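Good morning, and thank you for coming.

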Amino acid sequence: MKIFTTDAIKKADAVTIEKEPISSVNLIERAAESSAYWIYLNCKNYTRFTIFCGPGKNGSEGFAIARMLYLKGFDVDVFIDKSKSKLSDDALLNFKRLQDFSGITIYDFVEIDQYNFEKTVLVDALFGVGLSQNLEVIYKDVIQKLNLKKNPKISIDIPSGLFANHLNEENDIIFKTDYTLTFQFWKKSFLHPETGIYSGEVVVLDIKLNQEFIDKTETFDFVIDDDLILKIFKPRENFAHKGIYGKAIIVGGSYGKMGAAVLATKSAMRTGSGLTFVLAPNCGYTVLQTTCPEAIFIEGCEKKIIQIEEQENAVYGIGPGLGTEKETEKGLFKFLKNHQKPLVLDADALNMISKDESYLKIIPKHSIITPHPKEFERLFGKTENSFERLDLAKRKAKELEIIIVLKDHYTQVVTSEGLAFYNVTGNSGLAKGGSGDILTGILTSLLAQQYPSLEAALLGVWLHGKAADFAFEKYSREAMQPTDVINEIGNVFLSLNKKATTKL
Ligand SMILES: NC(=O)C1=CN([C@@H]2O[C@H](COP(=O)(O)OP(=O)(O)OC[C@H]3O[C@@H](n4cnc5c(N)ncnc54)[C@H](OP(=O)(O)O)[C@@H]3O)[C@@H](O)[C@H]2O)[C@@H](O)CC1
Ligand SMILES: [K+]
């Protein structure tokens, strides 16, 4: 799914209005209907709603939602600024429509302190993507007061005060919501840690903006959605033999860090590589042969790996638990200098590469590197925030012709064309040692199965997150372990296969 900038969203609204054709207020009605319907389906424990409306189209939606919820039998109150703000034409129209409903009381913002907030859901329809300047004091005041309330909160389109495309100023006042019902597109700010903390759970509602315009508009940021995954995923063929599905070699493990190699190897196997090898130090022989009997052990040195031998037609995933000893570093660079095929580099492999900028240039083209923010900083330098980090990643991915999987709450797959794909599967149960090793195993396996690098990266991060979501359902974010994630990969493939092969 494309992520549109504010300007592109405005154009999409305008083109829809012109081409469909539909009036602006009827398009607002459609957006309000989809919001009211979602609220009706999902707010089973509440019968009371308090809706805060601003002066523009977002406020207009608020008025329409108020009317719709009231007609569904809910108790509804509305707050506006009665003193200063002038309502836009669209807002005025829906405000006037409200006045036919005597059961809906319209309050002024100054009455907030006296208002009874007991058991009511707060709906934020103050500002949408039209916020053009910092908030006026009156709105800041309202938002600050509402942020102190413990009531459930829903924002319409975007939490008021938040910008869609870029970072806010440090002291900006922003509505902190539990749910954001956003129209048509994810907004970039929902996907970055500094701003995403305001948007809560995001629900994208399809309001049928002009599809032709959406298709032809060029964007640089995307969200990985199910449609994209189904286009990439190739179900296993009936007459397959192991040779078709490639040879994955995990290179990792050192004395005391053998678990990382175990996790990567297991997840490579669970993802379907035809043959899986693990190159590890001898001290890991027993643990690897016991925990991963299906994998073939390749002997490294005694307690660390000192050389990586090139094997024909193999895809390498290097790094989990590898250690950063001098001899290992030498072995890694000797291998990388002569190796041409795309591979996966993670963890200690990246830590060794970050020792010298010139090492970056020997990463084979179209390889996938998977740094977390600290590893990224060691590789490419410090940035002020995650928006700048992504911009830097785009420049570096282009320059080095590689794919950077920037691990974060919403991991970003950054391509050598300077595009970013945000992954929205996964959860904070993955914020544990070992999760990255699993991703390395998955990516190596997909590359070995001849998925092109970008497709392997997109499918890999999605699969990893989806397996984590299944593990979370069973064990909770707190208790789930990386091994539980590996054990759920099979269930993700079951559901993918079902979707990919249902023809009748
Ligand atoms: N038909 C459509 O086009 C569709 C629109 N949709 C909906 O519309 C939303 C965008 O609507 P919008 O453009 O009217 O902007 P919105 O966010 O409501 O606020 C703008 C108003 O606030 C004012 N204002 C701005 N900054 C301010 C400040 N700091 N402090 C105080 N006031 C400030 C600004 O005044 P102005 O700057 O123009 O003087 C203007 O009056 C979008 O998010 C979605 O919810 C969707 O349903 C799809 C169909
Ligand atoms: K809003």
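Let us begin with helix α2, residues 24–42, and helix α3, residues 57–71, in this predicted model. Their axes are 8 Å apart, and the packing angle is about 55°. The two helices α2 and α3 are therefore oblique to each other. The crossing in which α2 passes α3 is right-handed. On the α2 side, the contact is made by S24, I28, E29, A31, A32, E33, S35, A36 and I39. On the α3 side, the residues are K57, S60, E61, A64, I65, R67, M68 and L69. Sorted by class, this contact of α2 with α3 holds nine nonpolar, three polar and five charged residues.

Helix α2 also packs against helix α4, residues 89–98. Here the angle is about 65°, with the axes 10 Å apart. Again we have a right-handed crossing, as α2 passes α4. From α2 come S24, V25, I28 and E29, and from α4 come D90, L93, N94 and R97. The classes in the contact of α2 with α4 are three nonpolar, two polar and three charged residues.

The peptide bond from E20 to P21 is cis, and its omega is near -20°.

I turn now to the metal site. For comparison, ideal angles for six octahedral donors are 90 or 180 degrees. N58 lies in helix α3, whereas F127 lies in the loop between β4 (121–125) and α5 (137–147), so the pair ties together parts that are 69 residues apart in sequence.

A further helix pair is formed by α9, residues 258–270, and α17, residues 482–501. Their packing angle is about 5°, and their axes are 10 Å apart. Helices α9 and α17 are therefore roughly parallel to each other. In α9, the residues L263, K266, S267 and R270 meet P482, T483, I486, N487, I489 and F493 of α17. By class, the contact of α9 with α17 comprises five nonpolar, three polar and two charged residues.

Finally, a backbone detail. H366 is placed in the loop between α12 (347–353) and β14 (368–369). Its phi is near 65°, a positive value in a residue other than glycine.

Thank you; I am happy to take questions.

Technical notes:
Residues are numbered from 1 along each chain as its sequence is written. Chains are lettered from A and ligands numbered from 1 in the order in which they are written. This is a predicted model: local features need pLDDT of at least 70, side-chain atom pairs count only at pLDDT 80 or more; totals for chains, interfaces and linings use all residues. Side-chain values use heavy atoms; hydrogens and water are left out. Axes are lines fitted to C-alpha atoms, for helices over the stretch in contact, and angles run from 0 to 180 degrees between N-to-C directions. Helices (H or I, at least four residues) and strands (E, at least two) are DSSP runs, numbered from the N terminus. Angles under 35 degrees count as roughly parallel, over 145 as roughly antiparallel, 65 to 115 as roughly perpendicular and the rest as oblique. A crossing is left-handed if the near helix is turned anticlockwise from the far one by less than a right angle, and right-handed if clockwise. Contact means heavy atoms within 4.5 Å. Ala, Val, Leu, Ile, Met, Phe, Trp, Tyr, Cys and Pro count as nonpolar, Asp, Glu, Lys and Arg as charged, and the others, Gly among them, as polar.
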